[in-house]
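Me: I've just opened this one and could use a hand reading it. Can we go through it together?

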Amino acid sequence: MSQTGPLTDSGLVQLLTPAGVRLEHPDYSPRIAHLDAEALRGMYRDMVLVRRFDNEATALQRQGELGLWAQSLGQEAAQIGSGRALAPQDYVFPSYREHGVAHTRGVDLANLLRLFRGIDHGGWNPADHNFHLYTLVIGSHTLHATGYAMGVQRDGLVGTGDPERDMAVVAYFGDGATSQGDVNEALVFSAVNNAGLVLFCQNNQWAISESTTRQSRAPLADRGPGFGVPSVRVDGNDVLACYAVTAEALERARSGGGPTLIEAFTYRMGAHTTSDDPSRYRSAAEEEYWRQRDPIDRVRALLAAEGELPAEFEAQLAADSDALGERIRAAVHAMGRPSTSSMFDHVYAGPNAIVDAERAWFQEYEASFLGGGEGAHR
Amino acid sequence: MSTTTGTQRITLAKAINLGLRRALESDPKVLLMGEDIGALGGVFRVTDGLHKDFGADRVVDTPLAESGIIGTAIGLALRGYRSVCEIQFDGFIYPAFDQITTQLSRMHYRSQGRLSLPVVIRVPYGGGIGAIEHHSESPEVLFAHTAGLRVVSPSTPADAYVMIQQAVASPDPVLFFEPKGRYWDKGDVDLDAPLVDTASGETGLDRAVVVRPGTDLTLVGYGPTVGTCLKVADAAAAEGTSIEVVDLRTLSPLDAATVAASVQRTGRCVVVHEAPVLYGAGAEVAARITEECFYHLQAPVLRVGGFHIPYPVSKLEHEYLPSLDRILDAVDRSLAY
């Protein structure tokens with residue numbers, strides 16, 4: 001790896017080496033001290049299930065069941081570690097690759113596929129999970145998260161000291177997004193308003209085909225202090241370190257300490273999306289380097305070394321993964337097609353002369369075909 | 001800060017100020033956001049005194065970043081707040097264009113109606129005030145072209161007072177275009193005017209209004225051009241021509257029915273706006289009137305507006321803007337058909 005610029009891996013908080021060996025950190029080890037073997041197995045299980053889901057979705061795209069898929073492959077530690085640090089009342093604004101975080105918020109993973117199948121622009125009720133809809137325009141949602149956190153402030157839900165009550169807001173985005181004006185504006189607005197926001201950047205090294213060196217010449221976390229925002233770089237493939245730094249940032253946000261920028265240094269092991277071809281712009285050697293740093297392998301190694309990975313657990317997890325894959329496939333096949341006239345729904349909250357007239361015309365047009373009814377002419 | 005009541009003769013700017021004050025008083029979730037809207041009261045003083053009376057948490061001086069203003073207003077709306085954002089000048093709205101068109105306009109749609117964004121964006125727009133570049137634009141059609149947004153523009157203090165409150169109360173995002181050249185025009189305002197018609201239960205925010213009846217030709221304007229259209233009607237009346245003037249008030253939705261009903265009576269139509277004619281609101285009105293009033297028309301629908309050039313230097317703006325004479329010229333051409 002490069003030892004300068006945004007690709008340097010120096011200064012990363014790490015609590016678990018790629019070989020699965022625990023490291024002590026004076027500030028962050030205490031933040032994971034309460035995570036017992038069962039909690040660790042839980043995170044391991046989350047990561048395995050999310051990867052299975054991700055692979056299943058990739059296969060479904062290849063089979064023509066999805067129009068597109070954006071893989072989370074390789075980013076499971078960043079997403080599960082940060083996601084498991086959240087409290088139920090915290091609110092998340094994801095980008096479009098946060099399948100692992102969605103899982104930790106209790107979103108039915110099958111519903112993530114509605115967007116990619118082309119039957120829904122959303123797919124779930126954000127209020128049910130405190131997990132906003134995916135945002136496809138890079139970085140836009142970091143401002144929504146900032147405004148949401150400003151609302152939380154006004155609601156008096158910051159700094160009460162009640163752990164069941166105080167809430168934080170988290171925005172997930174990538175290395176490419178850090179070049180967007182909106183992300184920089186989110187840093188400005190959250191800083192001057194002292195908004196309880198965690199800006200969680202997954203630096204997965206690649207913005208489609210552009211390396212992080214095309215976005216920055218300094219580590220991304222270095223930008224925080226210029227905005228007056230405390231920042232931390234973390235090994236994004238270390239689920240324990242991701243948990244720890246997120247827990248710290250969430251605590252700062254909930255207690256009224258304002259925003260934090262986290263740079264989780266990870267790797268997009270798959271393609272940007274199923275339409276991408278990474279072999280055109282990155283080396284097999286680089287991919288191999290990161291395969292040796294697989295976020296799941298190191299947790300498995302740790303659990304095995306500590307004698308906390310019984311064969312029955314592994315067997316059950318394998319069975320659960322298979323069952324999940326099967327359920328996802330069945331759910332996608334059963335999704336059906338929205339009614340044609342539903343495209344006119346919810347443009348406005350109430351009646352609208354223009355939309356209503358176009359809907360009425362369209363329904364009449366559809367009904368005019370032999371056999372009548374929706375889609376009869378197709 | 002006692003509530004003002006009764007009918008007063010006030011400027012359009014003051015009418016918006018009082019409407020905002022009423023909105024802030026009646027709903028604690030209403031916030032004002034924008035650049036210099038606090039202690040200064042905005043560069044046009046539209047928010048004068050509100051910072052002092054409602055505090056910095058409700059009348060918020062924002063960083064100088066329009067995308068940030070609208071983006072954070074969206075987040076606040078998701079948390080239940082109703083932000084009224086001031087874009088300082090029309091020509092500065094473009095940094096927020098992405099947030100307005102890709103996020104604000106379609107959150108209700110993409111969430112299947114689960115998420116509402118009752119955000120109001122106030123935009124002082126239009127020319128005629130001798131301003132430097134980027135301070136006299138009329139970008140309203142860019143937003144009328146985007147589904148999910150409402151686009152309205154008052155032409156009188158009375159309408160401004162009521163419409164700004166209706167915009168704040170609207171569950172949809174509203175682009176509220178304020179004719180800055182008319183900010184200092186005075187008119188009678190009923191400060192107790194109802195926001196909802198008690199009989200129909202409707203606000204009328206989606207309705208055009210016939211502001212002067214006539215029989216020979218329909219003159220359609222909105223915002224800053226309505227006053228000019230009324231003067232044209234006066235001048236034409238002196239020559240024996242009876243002009244009906246329609247104030248569109250809203251571009252999205254467009255109340256084509258009110259215009260069509262008028263044109264079916266008069267048989268002639270001229271549409272006037274400051275924005276460029278090319279692909280402008282007049283084109284939409286003309287197309288719809290042609291479809292709906294084809295056999296009533298005595299002449300093609302004509303348009304008077306800006307040219308296909310960037311807004312010119314202020315020394316030339318009165319030649320660029322639809323003036324009394326240019327509108328009368330179009331009226332004459334229509335009548336001569």
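Me: In what order do the strands of the open sheet in chain A run?

Reply: Strands are DSSP runs of E, at least two residues long, and helices are runs of H or I, at least four, all numbered from the N terminus. Two strands pair if DSSP finds at least two bridges between them. Here, the five strands of chain A go β1-β2-β3-β7-β6, with parallel pairing. At the edges stand β1 (91-93) and β6 (231-235) of chain A; each has a single partner strand, so one side of each lacks a neighbour in the sheet. From one strand to the next, the twist averages 20°. Keep in mind that this is a predicted model: local features need pLDDT of at least 70, side-chain atom pairs count only at pLDDT 80 or more, and totals for chains, interfaces and linings use all residues. Residues count from 1 along each chain as its sequence is written, while chains are lettered from A and ligands numbered from 1 in the order written.

Me: How many bridges join β2 to β3 in chain A?

Reply: Six, between residues 169-174 and residues 197-203, running parallel. For instance, A:V169 has A:L197 as its bridge partner in β3(A).

Me: Which strands does α10(A) lie across?

Reply: Axes are lines fitted to C-alpha atoms, for helices over the stretch in contact (C-beta atoms, placed from the backbone, within 7 Å). Angles run from 0 to 180 degrees between N-to-C directions. α10(A) lies across β3, β6 and β7 (260-265) of chain A, at about 170° to β7(A).

Me: And which residues does B:V270 touch?

Reply: Leaving out residues up to four places away in sequence, its contacts include B:L217, B:L219, B:L302 and B:V304.

How values were computed:
Two residues are in contact if their C-beta atoms, placed from the backbone, lie within 7 Å.
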